[in-house]
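I set out to record what I looked up in this structure, entry by entry. The entries run from the overall fold to single side chains.

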Amino acid sequence: MARVSDRPPARRAPAGAAVPRESVTRAIHVATLQEVAEAGYGRTSVEAVARRAGVGKAAIYRRWPSKLELVIAAVSRAAVRPAEVPDTGSLRGDVHAFLVGGRRLLDDPVGRRVLADLVAEAARVPELDALLTATVGAPRRELASVLLERAVARGELRPELDRELALDVVPAALYWRIAVRRATLTDDDLERLADATTAALRAL
């Protein structure tokens, strides 16, 4: 058995200032979204986010190497996907559950402005486009894909369904109504939207 003196020295824990605190990370995320919502991605700066969050720039750069990664991290956190798509037992029920989750994401005024700005900015910044697709678009598309495969397995949709087109159809009307037209959707609106989306999927 090794003696105590033979053991490697215990590693010292990093000083408190060197350990990114979750409360600070949350504050930076909130400040980032607010700054992008007000100033737009192009005019947002790390300095402005730091001032709004009440932290130094070093606290931000310890976590993210650039504004791009900072903004994507904040958006990804706000748009975090649920662990699974609720299985309601029917295509229409699953579509409705998906739309309810989408409304929750898009109903926030700050989130809606941020998403609209980033979608426009992504057309000019390829790196932003790629990261936005990977961290926000792809996860939501995966959720819709699970929904569609369940419906095919139940016999509610055709096996030869055009899945790429169907994946566009599922969120399209919701996004258009809330993000583009800036309309407020009531529960009754969501019910009708679920009916229309389900009918469109069955027609594909």
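**Entry 1. Basis.** I worked from a predicted model, in which local features need pLDDT of at least 70 and side-chain atom pairs count only at pLDDT 80 or more, while totals for chains, interfaces and linings use all residues. I numbered residues from 1 along each chain as its sequence is written, and side-chain values use heavy atoms, with hydrogens and water left out.

**Entry 2. Fold.** I first looked up the secondary structure, taking helices (H or I, at least four residues) and strands (E, at least two) as DSSP runs numbered from the N terminus. The chain comes to nine helices and zero strands. Along the sequence I read the pattern α-α-α-α-α-α-α-α-α.

I then checked burial, where buried means under 20% relative accessible area, exposed over 50%, and partly exposed in between (1.4 Å probe, protein chains only). Of the 204 residues in the chain, 38% count as buried. For contacts I used heavy atoms within 4.5 Å. Among contacts in the chain with a separation of 6 or more, 71% join residues 24 or more positions apart.

**Entry 3. Helix α6.** I examined α6, residues 109–122, which has 14 residues. Its reach from first C-alpha to last is 20 Å, close to the 20 Å expected at 1.5 Å a residue; the expected span is 1.5 Å times one less than the number of residues. Which residues of α6 are buried? I found Arg112, Val114, Leu115, Leu118, Glu121 and Ala122. The cover over these buried residues includes α1 (22–39), α4 (67–78), α5 (91–106), α7 (126–154) and α8 (163–180).

**Entry 4. Nonpolar cores.** I defined a nonpolar core as a set of buried Ala, Val, Leu, Ile, Met, Phe, Trp, Tyr and Cys residues joined through side-chain atoms within 4.5 Å. The largest has 25 residues, and Leu99, Leu148, Leu157, Leu174 and Leu201 have the most contacts inside it. Helices α5, α7, α8 and α9 (187–203) each supply at least two residues of this core. Helix α7 gives the most, with six residues.

Apart from this core lies another, of 17 residues, among them Val36, Val71, Ile72 and Val125.

I also listed the neighbours of Leu174, leaving out residues up to four places away in sequence. Leu174 touches Leu99, Gly102, Arg103, Leu106, Ala179, Leu185, Leu190 and Leu193.

**Entry 5. Charges over rings.** I counted a charge as over a ring if NZ of Lys or CZ of Arg is within 6 Å of the ring centre and within 35 degrees of the ring normal. The charged end of Lys67 sits over the ring of Tyr41, 4.3 Å from its centre. Arg140 lies over the face of Phe98, at 5.4 Å from the ring centre.

**Entry 6. Salt bridges.** My criterion was a side-chain nitrogen of Lys or Arg within 4 Å of a carboxyl oxygen of Asp or Glu. How many salt bridges does the structure hold? The total is 20.

Arg92 forms a salt bridge with Asp195, with the closest N and O atoms 2.9 Å apart. Because Arg92 lies in helix α5 and Asp195 in helix α9, the pair ties together parts 103 residues apart in sequence. Arg92 is partly exposed at 25% relative accessible area, and Asp195 is partly exposed at 41%.

Asp94 and Arg154 meet in a salt bridge at 3.1 Å, N to O. This pair links distant parts of the chain, with Asp94 in helix α5 and Arg154 in helix α7, 60 residues apart. Asp94 is buried at 0% relative accessibility, whereas Arg154 is partly exposed at 31%. I found both in a network of salt bridges that links Asp87, Asp94, Arg150, Arg154, Glu156 and Arg202.

Arg192 forms a salt bridge with Asp189, with the closest N and O atoms 2.6 Å apart. The two are three residues apart in helix α9, so about one helical turn separates them.

**Entry 7. Thr186.** I located Thr186 in the loop between α8 and α9. Thr186 is partly exposed, at 41% relative accessibility. Thr186 and Arg103 are 83 residues apart in sequence, and their C-alpha atoms are 9.8 Å apart in space.
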